[in-house]
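Subject: Structure handover

Hello,

Here is the structure I promised you. Please open it beside this email and follow along.

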Amino acid sequence: MSLITISGGAGCGAEKIARLVAESAKLDLYDDQRLQQEAANMGIKSEDLKGLDEKAPGFFDVLRGRNPELYLDVMESVIYEVSRSGQGVIMGHGSQFLLRDFGCAFHVLIHASEPYRVNQIVDQQKLSSKAAEKMMNKTDHERRGFMRFAFHMDWNDPSLYDLVINTEKFGVEGAAKLILDALKSQAIQECSLNALESMERMSLVKKVEAALLKEQFSFTQFHVEVPEKGTVQIYGYTSTAEDKKRMLAVVKKVAGVAEIVDELSVLPPGGY
């Protein structure tokens, strides 16, 4: 089966294309709503994921008052978690970057000219052309800012993708057919057991990091590794023995943690 990421700006038809591909290939579609459902299934509370909405840090702070690092860990843990099956269609959210090292993931960029996109938004949203243009520019700006902040990348960089499709020329149905035809290629690999296990370990790393960040521990205090399934190694320091105990208790409660290798130190009075 296939693991596909599909990205595209407003008015390109990426959402419709993803839905057509998922339906035709009989794959699960991981759009915003499904990703939030999966996060809830992982034990991440709704108040911790006020919209997987691809906005840069300033927007996070205004809209949610959340630490962007926490947001990223939640999002990354969800992407790796849903990828563990080695199949599905994932809509955006940096999935093309997060899964870039997995040869079994097939990355697609949907694009079109700005006039075409504006017309599509006018038809879909019943907006004026001016309002549609402003909406397009706003969403592009926010997505670009988020990707640069989170991954130091330009989401329009063609090197991130295996297939780039112009819906202005091929249309939504034509674009979906191109993707489905490409999936038949022998070059498209299925995810190996090693790749799936690697995704599972990365998912657990991000879940542990998110849990610690939520409890106000700082990235400067700890480093998390998962050398094998269910085993979490945590390195770093705490100011007091009580903080160390609290940090370990947080890790222990994370779903999927079976064993903790404690490499934490307690700072002496006055620090090092």
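This is a predicted model: local features need pLDDT of at least 70, side-chain atom pairs count only at pLDDT 80 or more; totals for chains, interfaces and linings use all residues.

Residues are numbered from 1 along each chain as its sequence is written, and side-chain values use heavy atoms, with hydrogens and water left out.

**Overall**

The protein chain has 10 helices and 8 strands. Both are DSSP runs, numbered from the N terminus: helices are H or I with at least four residues, strands are E with at least two. Of the 272 residues, 48% count as buried. Buried means under 20% relative accessible area, exposed means over 50%, and partly exposed lies in between (1.4 Å probe, protein chains only). Take the contacts between residues at least 6 apart in sequence: 69% of them join residues at least 24 apart. A contact means heavy atoms within 4.5 Å.

**Helix H10**

H10 covers residues 241–252. Its 12 residues should span 16 Å at 1.5 Å a residue, and its end C-alpha atoms are 17 Å apart, which agrees. The expected span is 1.5 Å times one less than the number of residues.

Which residues of H10 are buried? They are Lys-244, Met-247, Val-250 and Val-251. These four cover an arc of only 125° around the axis, which puts them on the same side of H10. The arc is that of the directions from the helix axis to the C-beta atoms. On the other side of H10, Ala-241, Glu-242, Lys-245 and Lys-252 are exposed. The buried residues pack against helix H9 (193–214) and strands E6 (222–228), E7 (231–238) and E8 (259–266).

**The disulfide**

The structure holds 1 disulfide, meaning a pair of cysteine sulfur atoms within 2.5 Å. Cys-104 and Cys-191 form it, with their sulfur atoms 2.1 Å apart. The pair links distant parts of the chain, 87 residues apart. Cys-104 is in the loop between helix H5 (95–98) and strand E4 (105–111). Cys-191 is in the loop between helix H8 (167–183) and H9. The link is right-handed, with 85° about the S-S bond. Both cysteines are buried.

**Thr-231**

Thr-231 lies in strand E7. Is Thr-231 buried or exposed? Thr-231 counts as buried because its relative accessibility is 7%. Not counting residues up to four places away in sequence, Thr-231 touches Glu-225, Val-226, Glu-259 and Val-261.

Best wishes
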